[in-house]
Amino acid sequence: MCGRKHLREPKRSFVVKRSQQAIHRMPISLDKLVSSIVPGKTTLLLGAGASASSGAPMGASLAHHLWMALTGDGPKSDDLMETATVLARRYGRRAVIEEIGAKLRPLKPAGGLLGLVQLGWPAIFSTNFDELVEKAFRQSSIPLCTYRSNYDFSNKDDHSGVKFHKIHGCITQDESLGHKASMVLTEEDYEVPDQFRQTMFANLSASFLNGDVLVIGQSLRDRHLNDLVKKVLAAKPQGAPGHLYVLIYDEDDLRAPLLEDKGARVAFGGLEDFVHAVANGRGAVAAPVPVAAPTSLPLSIVSATRDVALEARKDPNVVRMFNGGPAGFPDIRAGATFERARYEVAAREIVDGRFLTVITGAAGVGKTTFARQLVLSAMENGCSGWEHAADFGFQWRPWLAVEAQLRADGARGILFVDECTHYLRQINELVDALSEIDEPALSLVLTANAAQWVPRIKTPNIFKHGHLLELGRLEQQEISSLINLLESNREISALVHLEFRRKSRQQKADALRQRCSADMFVCLNNIFASENLDTILLQEYEQLSENYREYYRYVSALQAVGARVHRQLIIRMLGMPPAQVSAALEGLHGIVDEYDIRPEDGIYGWTTRHLVIARKIADYKFSGLKELVSLFDAIIDHINPSISVELQSVRDICDADFGIGRLGDASERRRLYGKLIDVAPGERIPWHRLIRELLSAGELDTTEYIIRDAEEAVGRDAPIDRFKVRLLINRANKTPGISDSDRIAILRKAYEVATKNIGAHRWDKFSYSTLCDVAVLLVQKGESEYLLNEAIERMKEAAERIQDPEMQRQIRHYQELRLRTG
């Protein structure tokens, strides 16, 4: 059910030589179509005709139905968009939407549609409003992840299954029914710029990089088809290998060559004919057979998990590790790492049954290597070992099922999650669940950047059951281990400067002690070299050819500001021809690495050797405010929130220290947060950052409106409720022309709201601090000290329950304030 217009895409001119204009390719046969595509590498685009065999009306039929149902008279137009526009103006949008829903909701999938969903398509797009595809997948027990609007991206980033994109929305969502998103139905709907539809065509564009696109369900007499094919072809990146195929049920040899001339390959046949041809092996095409998952892991986390036993069998890469890459399991097994002072105690506690170890510290102190050493130690004592792949969302329930299976088998396992603050809500849930089990069979090793770890809300069970370690500068014992590594490992020794190797052991120890005085050492090359790390990296940068420098500069900058870098993002941002990817990776060998994220979707991650190295390159190559602002604009303009790694980037580039928060221009920060909200309105963090910026700028009325918008988009949460209190505090302090008694009244209201907040968010330590802040202000205004005493007592009670050490420091702070204000 599609209207007359489709997505508005930038115009693209196609230059056709005169000699080529006379060449008309004829439609291909159905067998040829079947033999030309592989469903597992083909993206499907469904039009109205795909639903026809299940009883769904075509656009003109649905328009006729609306005229009869709402006016009781015959149709005045065959065009669905025109009909909906006129009737919505006359009877209200809700009446039109409800009538369409009543017509489409009872439909059930039948015929070819039931077979189509079983062919293993990686992604499906549709211009239809009905729920037939969803019902067909449900009936076939195949997982499906449906996107109806930008709001769905934030709720689906951890979900597995075929990605189903409903370009024009769905009968289950419309603003007239109280939802945040709407169907694209009327003329006004088509004319309003729509980030969601732009994202859909970005996904179609990416499909050509990894396979073909097949359009099913249109008639050549349908004027919408020409529009659709032109826009799909315009989305095809230059040099991309994929092709556009169009299966048309209404044979028309006169019009078919017109589509062929535009670059499409046309075949005639119905949906049932196509499914039958595929199912019966015509063209030797068969549905892909799913790869069997390891028996110990649920299918939903297989792609997001690395089996350490398999990883450890790979060849070590000591040179990469020496130059800044984190030590992999093969490097550790090859004896190319040194032992940390706390290793023996931590390893013994895991063997003795402690199920949680948390390693914190600044970037570059060796947290990842230390954690992997602990995992290998546990495996030597009989555990199965896994590492969560950082580019995927973390799901706690499947890991609880793994623990149950391990316990039933009398086995033990250990899971490593690097930079766990990215998934702390899920981690909290898993830790809480494991805490309820007597001697759980699954142990966790977590790492976290200390600056991200301290302010985040953690379950009390982390402090109750966890072994918390903080890594910093190297101790004397670790320096001795470093010298032992140099003297015992020939590969490492060969990479160290001859001048350093010639020193005596004491001279080496003195040099290393001076070199490692900082909390960050990043890589062995930096420790053993005579130059500082910046010089090493900048000299290496200048040795690259100019075009490779540009790729390295952007990969470093994207990684530094928190974006999850992958091949498609670089292609989109820099306009890199796909054919140049291999050459670029070869030219940046050992500096930028590519690794699998979702190969079946053409998603391959790109990373520098270490986050600290990326930040240093970015500091030099994007040193000005204008350059950084342009970088963030480019990221946001090209980000695709339907890709889970890019949705995570929406959150990560909001970082206060290295993301948008580092910009010195407050107005630019607010503008960029607003752009992020337009891209992914269901994400909480950009809303939080924007509200904080507006509060800091004193724009109180705007802040109030934005808080309302945020609640409508993402619902209530602890930060938004705290911002309401901060807004009242600012009104009390900054509103001109009101009396002191009015200011006190506003603060009393703030105290009331803050009190409600600690009831609604009893595990949020910051809500208790906010309550104490309001109480301090009231006491300073001459109110009774009773309120501050009450607030401190409530914070003490919460500290006993939450068990975060930071709360004890906060309690002492407010007690000191009480003494000074008393």
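The model is predicted, and local features need pLDDT of at least 70, side-chain atom pairs count only at pLDDT 80 or more, and totals for chains, interfaces and linings use all residues. Residues are numbered from 1 along each chain as its sequence is written, and side-chain values use heavy atoms, with hydrogens and water left out.

Me: How many of the residues of helix 39 are buried?
Reply: Buried means under 20% relative accessible area, calculated with a 1.4 Å probe and protein chains only. Among the buried residues of helix 39 are D721, F723 and L727. Helix 39 is mostly covered, and of its 17 residues the number buried is twelve.

Me: Is H761 buried or exposed?
Reply: H761 sits in the loop between helix 40 and helix 41. Because its relative accessibility is 15%, H761 counts as buried.

Me: With the side chain of which residue does the side chain of H761 make a polar contact?
Reply: A polar contact is a pair of N or O atoms within 3.5 Å; within protein, one must be able to donate a hydrogen and the other to accept it, and residues adjacent in sequence count only if both atoms are side-chain atoms. At 2.7 Å, the partner of the H761 side chain is the side chain of D721.

Methods
Buried means under 20% relative accessible area, exposed over 50%, partly exposed in between (1.4 Å probe, protein chains only). Helices (H or I, at least four residues) and strands (E, at least two) are DSSP runs, numbered from the N terminus.
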